[in-house]
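Please keep the sequence and the structure in view while reading.

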Amino acid sequence: MATIVRESRTGTAPPGLRLPGILLGVGLGGFVDGILLHQLLQWHHMLTSTDHDHIGVKYYDPHTVSGLRMNTVWDGVFHTVCWLAVLGGLAVLYARVATGRRQVWASRVLWGWILAGWGLFNLVEGLLDHQILGIHHVHGGPYQVWWDIGFLVLGALLLAGGRLLRRGARPVDPVAPRAGGEDRTV
């Protein structure tokens, strides 16, 4: 089964997987952060370090009911943004690929961009929230700088892994018949 782009795009270069992949990676990476670090491990919430932040946000102590409620609201705002990123990534992907979606989902190019998006999320969130704004850290306490550095290193590794995954994929014409075992890009 060949992957075919919408008729209006015939004769032009096929649309790329970069934007939908990055959006999906940012959203999914944010969900991993929010579900694992905020909810399951409870290492931090969105505003847990605002007593030491760099922008003057009011402190909401996560060890009080009212403080936990406010942090939970901001965690919900964070998860809403993640959900919108995933929804946007799926919408862009759907708009760019009319048929042959199985080959697209199996594409190393798409998954490379998803890894890159997750790495981009870690780098931006780690630099912005942990370092510049200081509104929370990966795991507060005496070793928080090392946890924050580890988060940034993971982001860089995810970006590099996404690049390596994409580099190993062979771009092909999406309207050409599918050759056995080759990755598809659109």
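## Asp-148 in helix 5

Asp-148 has a relative accessible area of 2% and is therefore buried; buried means under 20% relative accessible area, exposed means over 50%, and partly exposed is in between, with a 1.4 Å probe and protein chains only. The residue belongs to helix 5. Helices are DSSP runs of H or I with at least four residues, strands are runs of E with at least two, and both are numbered from the N terminus.

Which residues does Asp-148 contact, apart from its neighbours within four places in sequence? They are His-130, Gln-131, His-137 and Val-138, where contact means heavy atoms within 4.5 Å. The side chains of Asp-148 and Gln-131 are also joined by a polar contact of 3.5 Å. A polar contact is a pair of N or O atoms within 3.5 Å; within protein, one atom must be able to donate a hydrogen and the other to accept it, and residues adjacent in sequence count only if both atoms are side-chain atoms.

## Basis of the model

The model is predicted, so local features need pLDDT of at least 70 and side-chain atom pairs count only at pLDDT 80 or more, while totals for chains, interfaces and linings use all residues. Residues are numbered from 1 along each chain as its sequence is written, and side-chain values use heavy atoms, with hydrogens and water left out.

## The chain as a whole

The chain has 5 helices and 0 strands, and its pattern along the sequence is α-α-α-α-α. It has 186 residues, of which 39% count as buried. Consider the contacts between residues at least 6 apart in sequence: 73% of these join residues at least 24 apart.

His-136 sits in the loop between helix 4 (108-132) and helix 5 (144-167). Is His-136 buried or exposed? Its relative accessibility is 0%, so His-136 counts as buried.

Two polar partners of the His-136 side chain can be named. One is the side chain of His-44, in a polar contact of 3.4 Å. Another is the backbone oxygen of Met-46, which lies 3.1 Å from a polar atom of the His-136 side chain. Not counting residues up to four places away in sequence, His-136 touches several residues, including His-45, Thr-48, Ser-49, Glu-125, Asp-129 and His-130.

## Asn-71 in helix 2

Asn-71 is part of helix 2. Its relative accessible area is 0%, which means that Asn-71 is buried. Beyond residues up to four places away in sequence, Asn-71 touches His-45, Met-46, Leu-47, Thr-48, Tyr-60 and Pro-62.

## The loop between helix 1 and helix 2

Gln-42 is placed in the loop between helix 1 and helix 2 (65-96). Its relative accessibility is 58%, so Gln-42 counts as exposed. Phi of Gln-42 is near 55°, a positive value in a residue other than glycine.

Lys-58 lies in the loop between helix 1 and helix 2. With 56% relative accessibility, Lys-58 counts as exposed. Lys-58 is 11 residues from Leu-47 in sequence, and their C-alpha atoms are 8.7 Å apart in space.

Two packed helices are described by the angle between their axes and the distance between the axes. Axes are lines fitted to C-alpha atoms, for helices over the stretch in contact, and angles run from 0 to 180 degrees between N-to-C directions. Angles under 35 degrees count as roughly parallel, over 145 as roughly antiparallel, 65 to 115 as roughly perpendicular and the rest as oblique.

The axes of helix 1 (residues 18-40) and helix 4 come within 6 Å and cross at roughly 50°. Helix 1 and helix 4 are therefore oblique to each other. The residues of this contact divide into 11 nonpolar, 5 polar and 3 charged. Here Ala, Val, Leu, Ile, Met, Phe, Trp, Tyr, Cys and Pro count as nonpolar, Asp, Glu, Lys and Arg as charged, and the others, Gly among them, as polar. For helix 1 and helix 2, the axes come within 8 Å and cross at roughly 155°, which makes helix 1 roughly antiparallel to helix 2. That contact divides into 16 nonpolar, 8 polar and 3 charged residues.
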